[in-house]
Amino acid sequence: MTDTARTARTGVPERPTLDGLEETWSRRWQEDGTYAFDRTKERSDVYAIDTPPPTVSGELHMGHVFSYTHTDLVARFQRMRGRTVFYPIGWDDNGLPTERRVQNVYGVRCDPSLPYDPEWQAPQAPVDDAARKDPTPISRRNFIELCERLTVSDEQAFEALWRRLGLSVDWSLMYTTIGSAARATSQRAFLRNLARGEAYQAEAPTLWDVGFATAVAQAELEDRERPGAYHRLRFHGPDGREVLIDTTRPELLPACVALVCHPDDERYAGLVGTTVRTPVFGVEVPVRAHTLADPAKGTGIAMVCTFGDLTDVTWWRELDLETRVVIGRDGRLLPEPPSGVPDGPYAELAGQTVNGARRRLVELLSDAGDLVGDVRPITHPVKFYERGDRPLEIVSTRQWYLRNGGRDADLREALLARGRELRWVPEHMRHRYEHWVSGLTGDWLVSRQRFFGVPVPVWYRLDDVGEPDWSHPLTPEDSALPIDPSEDAPPGYDESQRGVPGGFVGDPDVLDTWATSSLTPQIAGGWEPDPELFRKVFPMDLRPQGQEIIRTWLFATVVRAHLEHGTLPWHTAELSGWILDPDRKKMSKSKGNVVTPMALLAQHGSDAVRYWSANGRPGTDLAFDPAQIKVGRRLATKLLNASRFALGLGAGDALRAPATTPLDRAVLAELASVVAASTTAFEAYDHTAALQATESFFWRFCDDYIELVKERAYGTGAGADSARATLATALSVQLRLFAPVLPYATEEVWSWWRYGSVHRAPWPTTYEVNRAVQGEGDPALLRLASDALGQVRRAKSERKLSMKAEVPLAEALGPAALLDQLTEVADDLRAAGRIGKLDLLPDRTTELVIACAF
């Protein structure tokens, strides 16, 4: 249905409650198509959001609620401003997190060598620890089917939470990153990168996660402090000179290809250009100079191994050194020594784990007298895959790369310029983007040695002896996408030619999950399959996301849009802050301080949780505070009760009638300024300031204005009509101002007296509010009346009297001009304060004083 949809008015309930509103209204919104995207609108009427698809590999937490609520606030505001909002939802369900979850839940592992078993049944989940430690091997296809089964159930749980939270997404636009449309889009983009020379394959040193058995990209690294130890090794130089080096990785000694010192280090100047012999193995290696060598680190001369760390890779490449790889993909030392390394001592290490090889080699060094001094324990940063639990190794593998400016100065500058084009909220987040792009040292590694992902869509010809031709990959027709090269044959071949000389072999790898997620604007926007939709939504208006994935999701999406479309993928990026625990520590699963949201939503209501979320500005950290959630519930409850009271006074029938009395004109003048402030804040993506302005006015409206005018509103005549008209306008406007934050409570109240949905109603304007004022309104008059009433209340409280207690006499003291203003609201003040007689005593004090006599 469109925004002209109508629902019958329900009338005002006798006892309004927040309980049950989520189920009622989420179902009604779905049935009525309240948030449906209108494809008939032109691009100028569209507001498109590139919603982050959450990873479906466990439970959502309060960080998700926090950031996704912020996005929903924007969507609801833009919809009420008259835009048709393109607001899809997606699930990021391919990649390592899903595989790891399947392995843990079902106690299985993927073995691609096994045939597919259509009769295989998964064990009852979840399995015990014994099954996890000794997982059952299953075929690739069986494993993928299990991944698909688990993601479906996880997605259903995620959808239930998002619906309860009140996200105003169009559920008909839902996508998954492993779905057919996403696979086709991801493969199409990759093939176009390949055709333009932006994607390429290379055999090169690769960061490798031994636990996951896959390559890892630079953007997925993190340093973790780990214990280690310095070992001082004695190399043997010319003329019997000993050369000492410090290393934390003595097990890489058989991979040593050089020693490196700084060009200006006089200690080693005479060694540069000569060779030294490695201890234990006696291999001659050159001594070279390079500016990256640190004279102050260790002994000032370093051992270069292929490969111990990323600096080794730099030295190896720039100094054109030999390659001696000793660590395999399984994290163990290879069974055979590299070229030039003697078999005898290497046999002591072959097949051992890194730690085992380190212990044995230290023994060999000690026996040879080449371990100098004591081993010195240290703590140092070690590189890990962000989702892994074992230190990364660097192994030589053949991988696919996508150019991202890491090795192309012109492309790097173009991507930095894209960052300057983008509107950042908050602005300082742009510096993180620029720091990342400026610090890139290589292209984006996009292939992964995993199973549940988008397959790399190429095959390779096999020559007469069955060796693949890596340099001329076979590619599918665009119309055939998506394809799986492990099951589909390339054009011109049939399945019988798979794996035989003269035939073909499919690429066994899948694309990095970011290589697909970086295309969410294209996937959700229907790039290629639906060009009319894509024209209306791309480039999108907003990318909301976490600050920690600027270097991955945001940057990668910019890269893909720049290469494919020559533009930014969106106009604005809104970055979320962190959610902190009550001790101001970042919430994370590893720390065990994560709070899951469903119980909170059930206990306090979705509006209350959304209120807590809305109190955090973009890019600003927010502590999880149950007390703040309770404040949100109190606000939503007050909105129900105050609205019921106002409508009970007859406000429901007075909408669009004029406000004529001074106090009524004053409250609407104040409300007009609130509308202006809230609108300006929302336009600046500062939903917190918008909420604060609206909430502050609301409590004054309830506590002061309603109390001041309710006696008048109960009566008849022009004054009563003005009060009811003011209540109607103020209620209508405030419901719409609160609607993005409190969608359930506002929709409930709206249904009592208005047609349609508040979320399809137009956002209030200052013109609308001012139009209801007959004459001029002075907001200062409302503040004066509130001050006077507050003093009367305090006088009663100090005497421990009921607020309904009569005040026989009250004296108003203050400047004459101020008391002249007070006379305009004197009748309402007497009625609200139950004042028998109010005397005005001008120029007795410099400010307003209300003295009550009892």
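I began with helix α6 (residues 180-195): its 16 residues, at 1.5 Å a residue, should span 22 Å, and its end C-alpha atoms are 22 Å apart, so the two agree. The expected span is 1.5 Å times one less than the number of residues. Helices (H or I, at least four residues) and strands (E, at least two) are DSSP runs, numbered from the N terminus.

I noted that this is a predicted model, where local features need pLDDT of at least 70 and side-chain atom pairs count only at pLDDT 80 or more, while totals for chains, interfaces and linings use all residues. Residues are numbered from 1 along each chain as its sequence is written, and side-chain values use heavy atoms, with hydrogens and water left out.

Next I looked up burial in α6. Buried means under 20% relative accessible area, exposed over 50%, partly exposed in between (1.4 Å probe, protein chains only). The buried residues of α6 include Ala182, Phe190, Leu191 and Asn193. Just after α6, Gly197 has a positive phi of about 80 degrees.

**Ring pairs**

I searched the whole structure and found 26 aromatic pairs. Rings of Phe, Tyr and Trp (its six-membered ring) pair if their centres lie within 6.5 Å; planes under 30 degrees apart count as stacked, over 60 as edge-to-face and the rest as tilted. Trp91 and Trp171 make a tilted pair, 6.5 Å centre to centre with 35 degrees between the planes. Trp91 sits in strand β3 (residues 90-91) and Trp171 in the loop between α5 (140-165) and β6 (175-176), 80 residues apart. Trp91 is buried at 1% relative accessibility, and Trp171 is buried at 11%.

I then checked Phe682 and Trp763. Their ring centres are 5.5 Å apart and their planes at 85 degrees, so the pair is edge-to-face. Phe682 lies in helix α19 (residues 662-683) and Trp763 in the loop between α22 (743-753) and α23 (766-771), so the pair ties together parts 81 residues apart in sequence. Phe682 is buried at 6%, and Trp763 at 4%. I also found Trp29, Tyr35 and Tyr744 linked into a cluster by ring pairs.

**Cysteines**

How many disulfides does the structure hold? I found zero, taking a disulfide as a pair of cysteine sulfur atoms within 2.5 Å. The sulfur of Cys147 is 8.2 Å from the closest cysteine sulfur, in Cys110, which is too far for a bond. Cys147 is buried at 0% relative accessibility. Cys852 is buried too, at 15%.
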